[in-house]
Amino acid sequence: MSSRKFRGLFTFLVVVTIMITAPIVCAQKKFPNKPIQFIVGWGAGGGSDLSVRFLTSHTEKHLGKPINVRNMSGGSGAKAYMYISKSKPDGYTIGNTTSTISTHRFMGNIPLGSNDFEPIIAFNEDPGGVWVATDAPWKTLAEFVNHAKSRPGEATIAASNPGSITRFQMMALEQEAGIEFNVLSQKGGAGPGLVALAGGHVNAAMGTPLEGFSLYSAGKIRPLGFMSAKRVAKYEDVPTMKEQGYPLVISTNRMIIAPKGTPADRVDTLYQAFLKAVHTPAYQNALESKGSTWLDWSPEKCKEYLKRQDAIFEKIIKKAGLYRPIN
Amino acid sequence: MDLFLTGLISILHPKMLFFIFGGTFIGITLGALPGLSATMGVAILLPVTFYLPPEQGMLILLGVYVGGIYGGSIAAILLNIPGCPASLMTTLDGYPMTKKGQGGRAIGIATTSSFVGGVIGVLALIFVAPFLAQAALSFGPAEYAMLAFLGLSAIVIVAAKSIVKGFIGVVIGLLMATVGMDPIVSVPRFTYGSIDLMSGISYIPVVIGLFGLSEVMVQTLQMKQLKAVRQTIGQVFPNLADFKKIFRHFFHPAWIGTLIGALPGAGASISAIISYNRAVQASKKPDEFGSGIPEGLISCETANNASIGGALVPLLTLGIPGSAVTAVLLGALMMHDITPGPLLFVQQPGLVYTIFAGLLMANLAMLILGLAGGKVFPRIVNLKQSALLPSIIVLCSVGAFAINNSMFEVGIMFVCGIGGFFLRELAISPGPIILGLILGPIAESNFRGALELSRGSLLIFVQKPISLIILIVTISLLLSPFLRGWLLKTKSGLSAGKA
């Protein structure tokens with residue numbers, strides 16, 4: 001073998017070795033080096049799906065890699081929770097949650113709860129609320145509660161079916177005020193209930209400021225109070241339930257989670273990227289302009305919140321007689 | 001009017017026209033493929049529109065919507081597989097026409113009536129939207145329950161050959177609809193611990209299995225005996241006689257489609273079911289429906305496309321999504337920081353009138369693309385069966401998988417396909433099963449919801465005027481076959497008496 005040929009072969013081998021090992025070496029140093037898979041546990045085009053797609057569209061440039069959203073709906077997020085928990089905890093598979101992260105285990109649907117995941121960020125929340133028709137006689141929540149009290153089981157209210165956050169918010173109000181509504185159960189979120197309210201088929205309906213915003217702007221319905229810690233943007237003249245003497249603070253809280261055991265530095269990389277996205281004015285305006293609230297909670301803050309949320313739902317679910325946890 | 005003209009001029013820009021035609025083309029393609037529906041098309045393209053100005057984004061999505069609802073009828077007519085649930089009724093008269101070798105003519109009629117229906121729906125949206133929105137709000141649980149029963153009474157027609165077998169089919173569909181979470185008390189029913197079954201059996205894999213796969217099985221068995229009917233492509237553009245038929249029959253399907261489309265929770269498939277139902281009842285020759293007559297095609301194709309304009313009424317005037325597609329459209333608007341509702345007309349009239357003009361243009365795009373494609377599509381049926389049938393199986397599997405990216409739906413599709421084959425051998429047709437599966441959940445949750453409100457009293461269904469009217473229509477529909485027979489008898493009795 002001539003030295004020239006040998007040199008050629010040697011160079012070739014070096015190049016090949018570098019090409020093979022470089023991604024591995026880089027992979028150990030740099031996260032992420034391939035697209036992230038984002039599991040959405042709800043159908044394409046729904047509220048949870050849209051909020052995620054909008055957020056990830058602002059996040060990709062900060063992360064440097066694409067985020068591929070994959071819908072895996074089934075059992076109100078249950079199927080996606082199962083899938084995420086079984087995925088490799090390497091930060092390349094993440095997903096979103098609603099309050100179902102707390103409720104599923106207590107109700108015996110799946111053996112997974114908030115402790116089985118690593119929260120990355122909480123990015124949005126929508127508090128519960130009570131709505132009546134614009135021309136209804138009740139001006140405050142107390143007036144409506146008194147009406148319901150004087151006629152037990154007669155005042156009608158539309159709320160999503162049992163197990164949904166909307167329904168738990170209604171039950172919390174019932175338990176707090178010591179009243180009992182005649183409930184119209186509706187499948188598919190609070191939307192249909194608010195439509196039934198606008199059509200005059202029920203006295204009241206449960207719904208978030210976001211869900212009621214269109215009909216509120218159309219002058220068909222108005223809120224009596226929201227279950228938020230402070231007043232909601234776009235609804236500054238609507239007192240919270242707390243202000244009105246009903247200390248209820250219950251929200252639909254949306255978080256991003258990773259499987260348990262995902263390395264802390266990778267969780268942090270993801271958190272920093274999502275944090276920048278949440279702080280984009282376009283993102284914040286899009287939420288605030290219709291009565292929704294953006295959040296930028298760190299993983300630690302999320303963990304604390306989840307503990308409190310678990311306690312709240314455990315209590316409500318026990319009182320409602322639906323408590324049958326799987327461990 | 002000035003605003004509308006401005007809107008019209010703005011969409012005549014080549015770029016806008018490209019978006020509309022592109023969207024409509026994608027919609028027709030997705031709609032024609034079993035399992036890929038208008039809803040899915042709009043949802044898939046939604047993220048793309050984040051990067052476009054709201055007008056352009058909406059035009060693409062509206063094109064997909066219009067094209068998708070129409071595209072389903074192509075597969076329904078040529079292969080007896082409803083491309084999407086809205087074209088379920090189209091199979092009844094469309095496929096028999098293909099069997100007679102008139103696939104091209106059927107597509108021409110379906111396209112033209114879709115166009116007529118679509119345009120009327122949009123005109124209703126432009127001119128009587130506030131009135132329609134108010135009418136839609138007056139539908140509560142009692143009214144929806146009665147509407148679902150009216151739809152279920154359509155079995156009398158779908159199963160014209162044997163009412164008993166039609167009932168068996170509907171009951172199978174209703175039983176399948178009970179799987180999943182109970183809509184009122186949220187207790188899992190017949191899920192056997194499966195998370196997949198918790199959200200119920202979705203009707204798209206069932207439609208694909210019952211129509212697509214079992215059709216392939218039936219045809220495979222007949223392959224040796226039958227020679228495939230060659231399609232005479234000929235003239236796709238409807239001839240004068242067909243035009244006259246469309247002109248004579250478009251009116252009722254158009255208003256039924258628009259009105260039912262405007263009801264949140266009803267939609268394209270239900271409007272087609274009820275419109276077809278009405279057409280058979282009003283016809284002097286009800287027996288001919290189902291044998292491949294243009295009147296049947298006109299009634300359902302006009303109605304399901306008219307429902308698009310209707311469905312946009314509550315969306316644009318009240319911000320209420322009336323169907324799965326409009327829910328995605330609502331999301332698209334919101335992502336662009338636009339809140340639909342009466343204020344939209346005040347704050348962003350430009351966008352509203354661009355949407356109106358864009359919808360009209362999308363219907364025109366559908367007409368042009370559909371009639372042009374009508375010369376090409378029927379050739380599919382002329383393919384060798386040994387090539388066509390396996391491709392349909394592949395399409396069915398891919399379509400079922402695409403619904404939720406899961407093999408579970410593919411499993412449902414195969415089970416329904418094989419089950420559907422045996423049911424066909426027993427002369428139980430798939431139509432009533434789908435009818436039960438689509439209408440079952442609406443009937444159940446609203447019937448029980450109404451009883452919750454009335455505290456168990458059935459009187460709620462006769463105390464509410466709209467509910468009472470629909471109830472009377474339903475009962476008279478159910479009795480009409482018997483009444484007609486009785487009338488004929490008395491008439492012949494009278495003439496016999498005279499003689």
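1. A salt bridge here is a side-chain nitrogen of Lys or Arg within 4 Å of a carboxyl oxygen of Asp or Glu. By that rule, domain 1 and domain 2 of chain A share 0 salt bridges. The model is predicted.

2. The domains themselves: domain 1 of chain A covers 35-125 + 252-319, and domain 2 covers 129-226. Their C-alpha centres lie 28 Å apart. Domain 1 of chain A brings 12 residues to the contact and domain 2 of chain A brings 11.

3. Between these two domains of chain A, about 970 Å² is buried, with 70% from carbon and sulfur atoms. On the domain 1 side, A:Thr252, A:Lys290 and A:Ile316 supply 45% of the buried area, more than any other three residues.

4. Helix α11 (residues 299-319) of chain A gives the most to the domain 1 side, with 4 residues. That side divides into 4 nonpolar, 6 polar and 2 charged residues.

5. Now the chain pair. Chain A and chain B bury about 3700 Å² between them, 59% of it on carbon and sulfur atoms. Chain A contributes 43 residues to the contact and chain B 45 residues.

6. The rule finds 1 salt bridge across the interface of chain A and chain B. B:Asp196 and A:Lys79 form a salt bridge through their side chains, at 2.8 Å, N to O.

7. Several elements of chain A give two or more residues to the side touching chain B, among them β2 (67-71), α3 (78-86) and α7 (191-198). α2(A) gives the most, with 6 residues. The chain A side divides into 17 nonpolar, 19 polar and 7 charged residues.

Technical notes: Residues numbered from 1 in each chain as written. Chains lettered and ligands numbered in written order. Predicted model: local features only at pLDDT ≥ 70, side-chain atom pairs only at ≥ 80, totals over all residues. Heavy atoms only, no water. Contact = heavy atoms within 4.5 Å. Buried area = accessible area lost by both parts, 1.4 Å probe. Nonpolar A, V, L, I, M, F, W, Y, C, P; charged D, E, K, R; others polar. Domains from an automatic or database assignment.
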